Amino acid sequence: MKERYEQDEVITRGESSVPSGPANIKERIYEKLRMPLWLLDIILVLLGIGIIVTLVLGMIRGRAG
Amino acid sequence: MQLETQKRSAISTIGTILLNNAIIVGIILIAIGVSIARPNFISEANLRNLLSNTAVRFIIAVGVSGCLITKGTDLSAGRTAGLAACVSAILLQKVGYSQKIYPEMGDLPILLVVAIVVVLGGIVGTVNGSVISFFKVPPFIATLGMQTLVYGICLVYTGAAPIGGLRSDYTRLATGYIFNPIFSYVAIIALAVGLGMAFLYYKTRHGKYMYAIGGNENAAEVAGVNVTKTKIKIYMLAGMLYGLCGFLIGCRAGGASVNTAMGYELEAIAGCTIGGVSVNGGVGKISSILIGVLVFELLKIAMQFMGIETSYTYIVQGLVIIVAVALDLRKYLAKK
């Protein structure tokens, strides 16, 4: 009886761990992307340049039209 | 040595703050540049226009923010506001107007019409919340379906015809102001909504449940939060705000059609994201939403003053939204 009691598995959760919440679509995409931070920084800089270029082109077209 | 370490740490902190708020900083710099090049950019008329445009989008953004904070979304916001605008316009057409939809209907009290469209928006929101909570349909799909459904209902109800001939006491809401023409009734109403929602978010049980669900839904449920009921309330409240917003859009525009408020939900989500409401859930402040929406409107008006061709402004807005999401992703990855 004592052996059986000792053999019973007790499933414990660590005191600091909580069940992870359901990831939304965005979070699941973020997890799958696995992009290094430096690459994301380069993409951000390119997007910034893209915005500036579009603004300049738009101004030229707007004044020409 | 210690001084250099402190200096590097300070520079790193400033860099992180600038990077996390890059869009806001960038747009403010653009606005400063435009106001130098075009001094009438900071005229009373333009500021009034800016505040007025921001006000209606802010109300929608606040509604959407509750959905975003709980890791959802609401793509039906614009169409619901559009339907509310059409219903408001139809019920507030002046007596004797040749194309009045209900020619036998007399003048309805404006507050009654507000109540009708707010309840209508609330019904749409409740359906959204119920579908998401009970049937576990992803919010993106549920609200996308609702967007199309509401558009169809609006098309059928209006016969795809624009609605005009509004009463002057309704349209006067858009032109009236308190103290200064910059502070229109629309802006005051938006401010009141913002203060009310801030109280709800930060000082009530509902607000705490909302952030708890956004942070960790399972943990919130285990802690005793009625997740289903709270989510339905969030979407219902969002719908009510879209209804109010639709009413205000109708009075500003002096009319309504099926295309009224089209795309407003994307601008609202963009404004929320720029302001720091994370699409990862659990984070978002009313003040940040206001800043995000204001800055986005500032960008649009600045581009008009810069004489940028309209087609290019859409490209810039799209790129700004992508940058906002990319920065949100960067914050998430940097945290991990």
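The model is predicted, so local features need pLDDT of at least 70 and side-chain atom pairs count only at pLDDT 80 or more, whereas totals for chains, interfaces and linings use all residues. Residues are numbered from 1 along each chain as its sequence is written, chains are lettered from A and ligands numbered from 1 in the order in which they are written, and side-chain values use heavy atoms, with hydrogens and water left out.

**Figure 1. Chain A and its helices.** Chain A has 3 helices and 0 strands; helices (H or I, at least four residues) and strands (E, at least two) are DSSP runs, numbered from the N terminus. The order of elements from the N terminus is α-α-α. Of the 65 residues in chain A, 17% are buried, where buried means under 20% relative accessible area, exposed over 50%, and partly exposed in between (1.4 Å probe, protein chains only).

**Figure 2. Chain B as a whole.** Chain B contains 14 helices and 2 strands. The radius of gyration of chain B is 21 Å, close to the 20 Å that the globule rule gives for 336 residues, so chain B is as compact as a globular protein of that length. The radius is taken over C-alpha atoms, and the globule rule is 2.2 Å times the number of residues to the power 0.38. Along the principal axes, the C-alpha atoms of chain B fill a box of roughly 85 × 55 × 35 Å. Buried residues are 53% of the 336 in chain B. Among contacts in chain B with a separation of 6 or more, 78% join residues 24 or more positions apart; contact means heavy atoms within 4.5 Å.

**Figure 3. Surface and charges of chain B.** The accessible surface of chain B is about 15100 Å², with 68% belonging to carbon and sulfur atoms. Chain B carries 25 positive and 13 negative side chains, and the centres of the two sets are 8 Å apart. Lys and Arg count as positive and Asp and Glu as negative, while His and the chain ends are not counted. Each charge is placed at NZ of Lys, CZ of Arg, CG of Asp or CD of Glu.

**Figure 4. Nonpolar cores around B:Phe247 and elsewhere.** The largest nonpolar core has 69 residues, and B:Ile60 and B:Phe247 have the most contacts inside it. A nonpolar core is a set of buried Ala, Val, Leu, Ile, Met, Phe, Trp, Tyr and Cys residues joined through side-chain atoms within 4.5 Å. Leaving aside residues up to four places away in sequence, B:Phe247 touches B:Ser88, B:Leu92, B:Ile110, B:Val113, B:Val114, B:Val117, B:Tyr170 and B:Leu173. Another core, of 35 residues, lies apart from the largest one, and its members include A:Leu40, B:Ile23, B:Val295 and B:Ala302.

**Figure 5. B:Cys251 in helix 11.** B:Cys251 sits in helix 11 of chain B and is buried, with a relative accessible area of 2%. Not counting residues up to four places away in sequence, B:Cys251 touches B:Tyr170, B:Thr171, B:Leu173, B:Ala174 and B:Val186. B:Gly122 is 129 residues from B:Cys251 along the chain, and their C-alpha atoms are separated by 20 Å.

Figure 6. B:Lys71 has a phi near 65°, a positive value in a residue other than glycine. B:Lys71 lies in the loop between helix 3 (44-69) and helix 4 (77-91) of chain B, and at 14% relative accessibility it counts as buried. B:Ala261, also not a glycine, has a positive phi of about 65°. The loop that holds B:Ala261 runs between helix 11 (227-253) and helix 12 (264-275) of chain B. B:Ala261 counts as buried at 4% relative accessibility.

Figure 7. B:Ala22 belongs to helix 2 (residues 22-37) of chain B and, at 32% relative accessibility, counts as partly exposed. B:Ala22 and B:Leu51 are 29 residues apart in sequence, with 22 Å between their C-alpha atoms. B:Asn226 is in the loop between helix 10 (217-222) and helix 11 of chain B. At 43% relative accessibility, B:Asn226 counts as partly exposed.

Methods:
Areas by Shrake-Rupley, 256 points an atom, 1.4 Å probe, with all protein chains shown as cover.
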